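Please keep the sequence and the model at hand while reading.

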Amino acid sequence: MTSCRLQAPLVDAALVVVALLDAVVMTDTDRPYADIVAVVAALALAVRRRWPYLVFALALPATAVSSAVVAGAVALYTVAVNTRNRRTLAVCTILYSICSAAAIWNHDIPTPTRVELLVSVGYNIATAAAAIFLGQLVQARRDLQQRLTEIHQAREHEQQLVAQTVLAKERAQLAREMHDVVSHQVSLITIQAGALQVNTSDPDTKTTAQTIRDLAVRTLDELRHMVTVLRASGTAPTELTPQPTLAGLRQMISNSGIGTRLDGDLPTDISAATQRAIYRTVQE
């Protein structure tokens with residue numbers, strides 16, 4: 001895009017030079033006004049990108065009073081590049097063809113025959129059509145490039161969203177596992193260290209148990225903070241499979257190492273969500 005912007009002034013300057021040469025070579029030296037009009041039309045090409053219709057309007061008199069064709073054709077091409085209105089293009093084509101045909105009567109030549117007039121009109125229409133078609137082709141190419149750029153940007157954005165979604169799910173799942181597994185194990189360490197501190201009479205053992213308990217409590221706080229951060233940066237927590245139920249409650253209690261027992265029968269007619277909530281409550 002930057003290179004195109006840098007090349008545009010060079011292209012315009014080259015077109016101005018070519019149009020000036022065309023005006024000098026093709027205009028009649030016996031009619032100074034024709035030279036002036038042709039030179040003005042050629043110089044106006046320098047601002048054709050900014051004011052295409054003004055440049056085209058300045059090129060029409062030059063087309064009508066001289067044989068210079070570069071300025072008019074380039075001006076018509078510029079209009080075709082910058083407009084999508086078919087009626088505007090048709091009007092510009094007709095005006096250009098009329099002015100080109102009028103140039104025949106502005107030269108010191110015999111009155112053209114009908115065949116010569118038809119050939120001249122056909123040539124002028126073909127020249128105008130070529131400029132129009134070329135301008136529309138360039139416009140379509142630009143639109144296609146812009147559309148492809150938008151599609152590429154949309155795909156990149158979609159890929160970023162997919163990557164962020166996957167990362168958020170992974171973070172949420174990791175947070176769930178840390179909360180359900182690691183935090184539970186650290187809680188057991190804290191409880192066991194506290195029980196050891198209370199039941200032992202050895203001062204060194206009490207000090208060690210207190211240290212272990214303090215470290216476990218600090219680790220548990222850090223884990224909870226990490227879980228909060230992971231959940232905040234992710235989506236809703238994803239469910240892990242298999243989810244705990246009341247059927248695994250007795251085994252969890254027996255593996256905890258705490259002097260705890262479960263009396264009574266566990267209900268089986270409650271929902272899975274309720275069973276999971278009871279399991280997590282006992283686990284904590």
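In the predicted model, the buried residues of α4 are V70, A71, G72, V74, A75, L76, T78, V79, A80 and V81.

**Helix α4**
- Helix α4 covers residues 70–82, 13 residues in total.
- From its first C-alpha to its last, α4 reaches 18 Å, which is close to the 18 Å expected at 1.5 Å a residue.
- Because ten of its 13 residues are buried, α4 is largely enclosed by the rest of the structure.

**Packing of α4 with α5**
- Helix α5 (residues 86–102) packs with α4 at an angle of about 175°, and the two axes lie 10 Å apart.
- An angle over 145 degrees counts as roughly antiparallel, and α4 and α5 are therefore roughly antiparallel to each other.
- On the α4 side, the contact is made by G72, A73, L76, V79 and A80, and on the α5 side by L89, C92, T93 and Y96.
- The residues of this contact between α4 and α5 comprise seven nonpolar, two polar and no charged.

**Packing of α3 with α5**
- Helix α3 (residues 52–65) packs with α5 at an angle of about 25°, with 7 Å between the axes.
- Angles under 35 degrees count as roughly parallel, and α3 and α5 are therefore roughly parallel to each other.
- Helix α3 contributes Y53, F56, L60, T63 and A64 to the contact, while α5 contributes T88, C92, L95, Y96, C99, S100 and A102.
- The contact of α3 with α5 divides into nine nonpolar residues, three polar and no charged.

- C92 of α5 takes part in the contact with α4 and in the contact with α3.
- C92 has a relative accessibility of 6% and therefore counts as buried, the cut-off being under 20%.
- C99, which belongs to the α5 side of the contact with α3, is buried as well, because its relative accessible area is 16%.
- With a disulfide taken as a pair of cysteine sulfur atoms within 2.5 Å, the count is zero disulfides.

**V25 in helix α1**
- V25 is part of helix α1, which spans residues 2–26.
- Its relative accessibility is 63%, so V25 counts as exposed, for which the cut-off is over 50%.
- V25 and D35 are ten residues apart along the chain, and their C-alpha atoms are separated by 9.9 Å.

Key. Residues are numbered from 1 along each chain as its sequence is written. This is a predicted model: local features need pLDDT of at least 70, side-chain atom pairs count only at pLDDT 80 or more; totals for chains, interfaces and linings use all residues. Side-chain values use heavy atoms; hydrogens and water are left out. Helices (H or I, at least four residues) and strands (E, at least two) are DSSP runs, numbered from the N terminus. The expected span of a helix is 1.5 Å times one less than its number of residues. Buried means under 20% relative accessible area, exposed over 50%, partly exposed in between (1.4 Å probe, protein chains only). Axes are lines fitted to C-alpha atoms, for helices over the stretch in contact, and angles run from 0 to 180 degrees between N-to-C directions. Angles under 35 degrees count as roughly parallel, over 145 as roughly antiparallel, 65 to 115 as roughly perpendicular and the rest as oblique. Contact means heavy atoms within 4.5 Å. Ala, Val, Leu, Ile, Met, Phe, Trp, Tyr, Cys and Pro count as nonpolar, Asp, Glu, Lys and Arg as charged, and the others, Gly among them, as polar.
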